[in-house]
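Please open the model in a viewer and keep the selection panel at hand.

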Amino acid sequence: MDPADVRRALTRIAHEILERDRGGEGVVLVGIANRGDDLARRLATAIRQIEAVDVPVGVLDITFYRDDIGLTAEAPEVHETAIPFDVSGRTVVLVDDVLFTGRTIRAAMDALMDLGRPRRIQLAVLVDRGHRELPIRADFVGKNVPTSHADQVRVLVEELDGEDAVVVEGAR
Amino acid sequence: MNRHLLSMSDVTADDVTRILDTAESFREVGTRVIKKVPALRGRTVVNLFYENSTRTRISFELAAKRLSADVINFTTSGSSVSKGESLKDTALTLQAMGADAIVIRHSSSGAPLHLTRWVHGHVLNAGDGTHEHPTQALLDLYTMREKLGRLEGLRVAIVGDVLHSRVARSLSFGLVTMGADVTLVGPPTLIPPDAPAWGVDVSYDIDGVVPKLDVCYVLRVQTERQRLEYFPSVREYSRLFGLTGRRVAMLPEGSLIMHPGPMNRGVEIDSDVADLPQSVIEDQVTNGIAIRMALLYLLLGGSGSEVAA
């Protein structure tokens, strides 16, 4: 995907969120660090342009909820969590760059539940690459990308990487 | 990161930054309604305290519990130690019970190092004799960075009984590692003779030092650790080295007053001074939990194998 593809996909997802969630009332966007938070902020901008509503944006770090702590040589690196609003009673749209095994989303849902009691949780991803290991699916998908399990899918965002792109690298 | 945390002299500047950054995230956890994350579920942390210490033990206990680890508190009174069990046998017993980490406070310098030779788990020094107290130093570094935005180039005075203070040693090493300028201030009898080798300055005149400080760090007068011949009287000490209102007025705008607690109000610090807005003594306590969570997470959160993931 090139920058224009990424922009079109995010704009479409913004429309779909507004359609599904009745004009964005009670919707909050929570991006999963890293990169999911940048995508969440862009979705919020797109929603504002379409419907002139402001949806709050938060950042969630799921490190403490991972299921592989103690299995990697070093403790996984921790990022910031900043959710400056109450998620209870809201429709929380989790935003991530790539949906793969589903383990990150499982961790994110557990983390959210510790922060409050959302009315419902939905999932928006830029890329769904398949190979789920848990019964999890996305509500909003930018693009389905068929991959082999060993491929590397990298999403680049302008804020962190200087450009928008989705790159699939074959296993070496 | 090393496998154990024994001394600030073997913690690098990169490690300090990593520990403080990780603590930042745990500070956020401490502001939630549910102040608990499942990161260390199923791990066991033992608090092995051979000396009384309410605040450090509670801080470590809370830190481990907020990470969902199981905590065992082992104090010397009412335990096998009062029946004469040696440190080694106690350590081996705890090991046999599956302790993943041992937090030790001991009156003998070097006890934590000994422990590392007997057990497979991680050892965290929570204060050993007059040697070191690295977690206190790290929470102090965190508090300084949080309030002043940096550590490099900070001008810090550590005032009081440096000779008997494990806090002063650990904090000096940590500050020097991070590029701060440290001055030790106290009566000549209470400044260790090898202090210049730590990379710090020494002064016996607090009034000459105070006007140039970013942080005035006041040490506790440890009446239990010193036989009173180091200075003639407590009154004389507080007149010559106590942080009084007059001395605080000489501190530059925006500088901090810190103390590791517990305070002797009216001895090393005036009661009014301890309650001033620039005194961040309570923040130090709050930050202590986040720092200890970060350390337990960083030490226990990896498999410990040397192979990169």
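Two strands are said to pair if DSSP finds at least two bridges between them. With that criterion in mind, select strand β4 of chain A, residues 120-128, together with β5(A): the two run parallel and are joined by four bridges. The model on display is a predicted one.

**Stop 1: the sheet of chain A**

Within this pair of strands, pick Val127(A); opposite to it, in β5(A), stands Lys143(A). Now extend the selection to the whole sheet. It is an open sheet of five strands with parallel pairing, in the order β2-β1-β3-β4-β5 of chain A. Its edge strands are β2 (57-60) and β5 (140-144) of chain A, each of which pairs on one side only. From one strand to the next, the twist averages 25°.

Helix α2 of chain A, residues 36-51, lies across β1, β2, β3 and β4 of chain A. Relative to β1(A), helix α2 of chain A runs at about 150°.

**Stop 2: chain A as a whole**

Select all of chain A. It contains four helices and seven strands, which follow one another along the sequence as α-β-α-β-β-α-β-β-β-α-β. Along the principal axes, the C-alpha trace of chain A spans about 45 × 35 × 30 Å. What radius of gyration does chain A have, against that of a compact globule with 172 residues? The value for chain A is 16 Å, in agreement with the figure near 16 Å for such a globule.

Of the 172 residues in chain A, 44% are buried. Among the contacts of chain A with a sequence separation of 6 or more, 67% involve residues 24 or more positions apart.

**Stop 3: where the chains meet**

Display both chains and select the residues in contact across them. Chain A contributes 16 residues and chain B contributes 17. The side of chain A that touches chain B comprises nine nonpolar, three polar and four charged residues.

**Stop 4**

Colour chain B by domain: domain 1 covers 8-133 + 286-300, and domain 2 covers 134-280. Their C-alpha centres lie 25 Å apart. To the contact between them, domain 1 of chain B gives 23 residues and domain 2 of chain B gives 20 residues. On the side of domain 1 of chain B that touches domain 2 of chain B, the elements giving two or more residues are α1 (13-29), β4 (122-128) and α11 (281-300) of chain B. That side divides into 11 nonpolar, eight polar and four charged residues.

**Stop 5: a sheet of chain B**

Select the open sheet of four strands in chain B, whose order is β2-β1-β3-β4 with parallel pairing. At its edges stand β2 (70-75) and β4 of chain B; each has a single partner strand, so one side of each is left without a neighbour in the sheet. Neighbouring strands of this sheet are turned by 15° against each other on average, direction ignored.

Which residue stands opposite Ile102(B) in β4(B)? It is Val123(B).

**Stop 6: a loop residue of chain B**

Finally, centre the view on Glu152(B), in the loop between α5 (134-148) and β5 (155-159) of chain B. Is Glu152(B) buried or exposed? A residue counts as exposed if 12 or fewer other C-beta atoms lie within 10 Å of its own; Glu152(B) has 11 and is therefore exposed. Leaving aside residues up to four places away in sequence, Glu152(B) touches Met178(B), Gly179(B) and Ala180(B). From Glu152(B) to Pro196(B), 44 residues apart in sequence, the C-alpha to C-alpha distance is 19 Å.

Conventions:
Residues are numbered from 1 along each chain as its sequence is written. Chains are lettered from A and ligands numbered from 1 in the order in which they are written. This is a predicted model: local features need pLDDT of at least 70, side-chain atom pairs count only at pLDDT 80 or more; totals for chains, interfaces and linings use all residues. Domain bounds come from an automatic or database domain assignment. Two residues are in contact if their C-beta atoms, placed from the backbone, lie within 7 Å. Ala, Val, Leu, Ile, Met, Phe, Trp, Tyr, Cys and Pro count as nonpolar, Asp, Glu, Lys and Arg as charged, and the others, Gly among them, as polar. Axes are lines fitted to C-alpha atoms, for helices over the stretch in contact, and angles run from 0 to 180 degrees between N-to-C directions. The radius of gyration is taken over C-alpha atoms; the globule rule is 2.2 Å times the number of residues to the power 0.38. A residue is buried if 20 or more other C-beta atoms lie within 10 Å of its own, exposed if 12 or fewer, and partly exposed in between; C-beta atoms are placed from the backbone.
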